[in-house]
Amino acid sequence: GMAASLQINCKPASTAFRVNPASKCSRRLFSVSCAPANAPQKRYSITLLPGDGIGPEVISVAKDVLKLTGSLEGRFVFLQIPCAHTKIIVRLIASRLLEYNFHSYDGLDVLGIEFNFQEMPMGGSALDLVGVPLPDETLAAAKHSDAVLLGAIGGYKWDNNAKHLKPETGLLQIREGLKVFANLRPATVLPQLVEASTLKREVAEGVDVMVVRELTGGIYFGQPRGFRIDENGEEVGYNTEVYAAYEIDRIARVAFETARKRQGRLCSVDKANVLEASMLWRRRVTAIAEEYPDVELSHMYVDNAAMQLVRNPKQFDTIVTNNIFGDILSDEASMITGSIGMLPSASLGSSGPGLFEPIHGSAPDIAGQDKANPLATILSAAMLLKYGLEEEDAARWIENAVLDTLNKGFRTGDIYSTGTKLVGCKEMGEAVLRSVESQVHTTV
């Protein structure tokens, strides 16, 4: 009877099965699925960029969560079990005695996710170490990995550096180096934290917006740019808002694909009543929409969008916009949640590794004091699994663990309210690890 609650998905397999009873014990419980003998164990290399301020603290926690989730994603591979043994094995699992970490020996493999982490310097810490914000070795490691997880960069210490020696320059350089042109910024008001919003409960409750921002074009990178003296002897600073059709098309496709995974509604934000670059933007996004008949497309001018985000944010599902508008609107959207210590982000290209990071910055004033909120980085790790590695199940485990941890009342200082349990960065991380582990026990 106990076995009835198990989900066992078997694909046909075909060699003898033997268990080595002397295998090392380790407390791991799994849902079971059978797969062909040659199914490989999944291995991913992740470049970690702890950076500055609270970066190293939050990255350390997220790394542990990824490691545990990967090991628990194990799925036993059974190779043709002779009938006589089947009952014994199922009974073992059902009574939760199957606590072995079987790694490939006779007839049995574990299909876990194995992460190979490499920590590299970036930002202020790299400036102190080697004199540049993004060392060549760091960029090379990032390019050769499957995904990149960044903590935070910057600090008062480097504020007065020349532009090319600012920590933030390293961020622009790595985005350019990895060719990530699409920035995904979710702003979700979690029911447990609705009181943290500065908006009224009825406005904030249930908000779930994704801002898809173009990241490598527009006025931040457009040429010509610079300073000059005009004909009246006045100093002039100038920048160019410029978009080519291919840049608009590719960000539009990412946005339509993202909307498709959500509620299927996309709002394109521009300033097409004034700017030629926006007129082209609207024309191209409208053309790409024909490839996505299942997604409902609307358009909004940026000034109105900024108003609507605080008036009635629930009207939005997915927003797509250019670099400068996206910079501003994604920050505005994030403040609806009132808790930027909770918010992750993803930056994606058309191929190669994505860049995943919390949006909260390096918070140098609380660095090294175990006060940081690691949840944004943990959720960035979930985005890394979902959007970077197509490991949606593992991502869901982490997201569920974060919600579970909040349900149990754990709060860091930034999201603390009366009646909840105030914890530090490490303790919050340990609570999430326990939640990840407990989901495994309920799976079996």
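A patch, as the word is used here, is made of residues with over 30% relative accessible area and no salt bridge, where like charges are joined within 9 Å and nonpolar side chains (Val, Leu, Ile, Met, Phe, Trp, Tyr) within 5 Å. Accessible areas come from the Shrake-Rupley method with a 1.4 Å probe, and for residues only the protein chains shown count as cover. A salt bridge is a side-chain nitrogen of Lys or Arg within 4 Å of a carboxyl oxygen of Asp or Glu.

This is a predicted model, in which local features need pLDDT of at least 70 and side-chain atom pairs count only at pLDDT 80 or more, while totals for chains, interfaces and linings use all residues. Residues are numbered from 1 along each chain as its sequence is written, and side-chain values use heavy atoms, with hydrogens and water left out.

**First stop: the surface**

Select L129, V130 and V132, which form a nonpolar patch on the surface with about 280 Å² of accessible area together. V130 belongs to helix 3, residues 124-130; helices (H or I, at least four residues) and strands (E, at least two) are DSSP runs, numbered from the N terminus. Is V130 buried or exposed? V130 is exposed, with a relative accessible area of 53%, given that buried means under 20%, exposed over 50%, and partly exposed in between, with a 1.4 Å probe and protein chains only.

Now show the surface of the whole protein chain: its accessible area comes to about 20,600 Å², and 53% of that belongs to carbon and sulfur atoms.

**Second stop: a buried leucine**

Select L266, which has its place in strand 12, residues 265-270. Which residues does L266 touch, not counting residues up to four places away in sequence? They are A255, F256, A259, V295, E296, L297, S298, T318, I319 and V320, where contact means heavy atoms within 4.5 Å.

The structure holds 19 salt bridges, and a few of them can be visited in turn. Begin with D331 and R185, whose side chains meet at 2.8 Å, N to O. This pair links distant parts of the chain, as D331 is in helix 10 (residues 323-337) and R185 in strand 8 (residues 182-188), 146 residues apart. D331 is partly exposed, at 41% relative accessible area, whereas R185 is buried, at 9%.

Go next to E257 and R260, which form a salt bridge with their closest N and O atoms 4.0 Å apart. Both lie in helix 7 (residues 245-261), three residues apart, which is about one turn of the helix.

Then select R262 and D317, whose side chains meet in a salt bridge of 3.1 Å, N to O. R262 lies in the loop between helix 7 and strand 12, and D317 in the loop between helix 9 (302-311) and strand 14 (318-321), so the pair ties together parts that are 55 residues apart in sequence. Here R262 is partly exposed, with a relative accessible area of 23%, and D317 is buried, at 2%.

To finish this stop, select E195, R201 and E205, which are linked in a network of salt bridges.

Select helix 5, residues 167-178, where the buried residues include L171, I174 and L178. What covers the buried residues of helix 5? The cover includes strand 3 (42-51), helix 3, helix 4 (136-143), strand 7 (147-152) and strand 16 (354-358). Just after helix 5, look at K179, which takes a positive phi of about 55°.

**Last stop: a hairpin**

Select strand 10 (residues 226-229) and strand 11 (residues 235-238), which run antiparallel and are joined by four bridges; two strands pair if DSSP finds at least two bridges between them. The bridge partner of I229 in strand 11 is E235. Five residues lie between the strands of this hairpin, where G233 takes a positive phi near 80°.

Finally, zoom out to the protein chain, with its 13 helices and 18 strands; buried residues make up 50% of its 444 residues.
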